[in-house]
Amino acid sequence: MESIAESATLRVTRRALELKRQGVPVIDFGAGEPDFASPAVAVEAAREALAAGFTKYTANNGIPELREALAERYRRDFGAPWDAADTLVTVGGKGALFEAALALFEAGTEVVLHSPAWVSFVEQIRFAGATPVAVPTDGADGFAIRAEPLVAALGPRTRAVILNSPCNPTGGVIEPAERRRLVEACAERGIVVLSDETYERFVYDGFEPGSAAALAAEFPDTVAVVGSFSKTYAMTGWRLGFLLGPRPLVDAAACIQSHATSNATSFAMKGAVAALAGAEAEVAAMIAEYAARRELLVERLRRLPGVRCAAPRGAFYAFPDISGRLDGDLSTPTDLAERLLEEEAVAVVAGEAFGSDRHVRLSFACSRAALAEGMDRVERFLARH
Ligand code: PLP
């Protein structure tokens, strides 16, 4: 336990909640949590399932209709070779990643990932006993995820590459040609590409995100995809994610799951089937709203003296470089985040959590009014410091 740390994003959320409970009007740019309601069709299907007594254990790896619907979605949209037997429904994307980490990583192996990276990747790698190898991405380059530096980091002990496009926290993406180059290099070396596509649908300015699943038919032993209902469908509390990929990996993850959580929640899975089948209009509306918020937030951040902000190409986070504002008693992003929360009741996540000592992360999964008010407060705060 000494080798891993509590999720820093959850810590910020906890402190923000504490302040809210005391009646402080907190503007929360911290949590990566959509402010939209879950799709009505999902709520209705789950309600019906509950009322009908669909409240028992299910098969450990998920209800057949959800596994089939997931496989069908990846076959249809990306030509993936997977069928229901190649899928596992998990307790959140986090569950899928954790099980995949335990199944694949072990002491003496290395896992390559681009950095800054989502908080849990590094901790999960360490928890499994392996060593993370971080490959930097650069704000001046829009945090683009490029194959070459990742391939250069592959070595004899590399077990996997974790790809997270669109990336939390940077908003960086990988272009399809770069993804192909990376997957080819990994396939040659027997290395798995674990592609976390939690933010797959949230891309902007006409970018076509695609999925590593599009390469799975060609490289069936190499490509594994993790996804989640949390962000795409604003279903965070339902705790539903999934893993699709090479059968031995999916089976191993299912075996771990059988001893950890067993099946994901029965009636929640019924809701997920309905979301996959009938929530496209809601998803499209959310994407359009995120795009508008992104414009608003990036424009406000760029107005701040000493702050630089790459426009995120995907996900729903801005990751401004605030190093130009760090000195004196605000010498780290953590100092800035803590003071901003205490003085102006604005929650952001300090970059250290993601492996950066120059950035903070602001989620724009909150209303435009909250964004405007929050940025007024940030301006006031920086004018004082
Ligand atoms: N992967 C990334 C990159 C994330 O940002 C998150 C959540 O913040 C997850 C996975 C896991 O989400 P969940 O467990 O809610 O599906």
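Modeller: Happy to. Strand 11 and strand 12 run antiparallel and are joined by two bridges. Strands pair here if DSSP finds at least two bridges between them, and the elements themselves are DSSP runs numbered from the N terminus, helices being H or I with at least four residues and strands E with at least two. Before going on, please keep in mind that this is a predicted model: local features need pLDDT of at least 70, side-chain atom pairs count only at pLDDT 80 or more, and totals for chains, interfaces and linings use all residues. Residues are numbered from 1 along each chain as its sequence is written, and side-chain values use heavy atoms, with hydrogens and water left out.

Back to the strands. Valine 349 has arginine 361 in strand 12 as its bridge partner. The whole arrangement is an open sheet of three strands, in the order 9-12-11, with antiparallel pairing. Strand 9 (317–318) and strand 11 (349–350) are the edges; each has a single partner strand, so one side of each has no neighbour in the sheet. In general, strands of a sheet pair through backbone hydrogen bonds, either parallel or antiparallel.

A cavity is a set of points, on a 1 Å grid over the protein atoms alone, where a 1.4 Å probe fits but cannot get out; lining residues have an atom within 4 Å of a point. The structure holds two cavities of 30 Å³ or more, where grid points are joined across faces, edges and corners and a volume is the space filled by probe spheres set on the points. Helix 11 (333–344), strand 12 (360–363) and helix 12 (368–384) each supply at least two lining residues, with helix 12 giving the most, three. By class, this lining has 13 nonpolar, no polar and no charged residues; Ala, Val, Leu, Ile, Met, Phe, Trp, Tyr, Cys and Pro count as nonpolar, Asp, Glu, Lys and Arg as charged, and the others, Gly among them, as polar.

The second largest cavity has a volume of about 30 Å³. Among its lining residues are Leu97, Phe121, Gln124 and Leu194. Helix 4 and helix 5 (119–127) are the elements that give it two or more residues, and helix 5 gives the most, three. Its lining divides into seven nonpolar, one polar and no charged residues.

In total 14 residues surround the ligand, the closest being Gly93, Asn168, Asp196, Ser228 and Ser230; a residue is near if one of its heavy atoms lies within 4 Å. The shell has three nonpolar, seven polar and four charged residues. For polar contacts (pairs of N or O atoms within 3.5 Å), one oxygen atom of the ligand is 2.6 Å from a side-chain N or O atom of serine 230. An oxygen atom of the ligand is also 2.8 Å from a side-chain N or O atom of arginine 239, and a ligand nitrogen is 3.4 Å from one in threonine 198. Taken alone, the ligand exposes 400 Å², and the protein buries 92% of that, with areas from the Shrake-Rupley method and a 1.4 Å probe.

One last stop is the backbone at Asn168. A cis peptide bond joins asparagine 168 and proline 169, with omega about 20°. Serine 165 and proline 166 are joined by a cis peptide bond too, with omega about -10°. Proline 166 lies in the loop between strand 5 (158–163) and helix 7 (176–189), and proline 169 lies in the loop between strand 5 and helix 7.

Terms used
A polar contact is a pair of N or O atoms within 3.5 Å; within protein, one must be able to donate a hydrogen and the other to accept it, and residues adjacent in sequence count only if both atoms are side-chain atoms. On a 1 Å grid over the protein atoms alone, a cavity is a set of points where a 1.4 Å probe fits but cannot get out, and a pocket is an open set with protein on both sides within 12 Å along at least five of seven lines; lining residues have an atom within 4 Å of a point.
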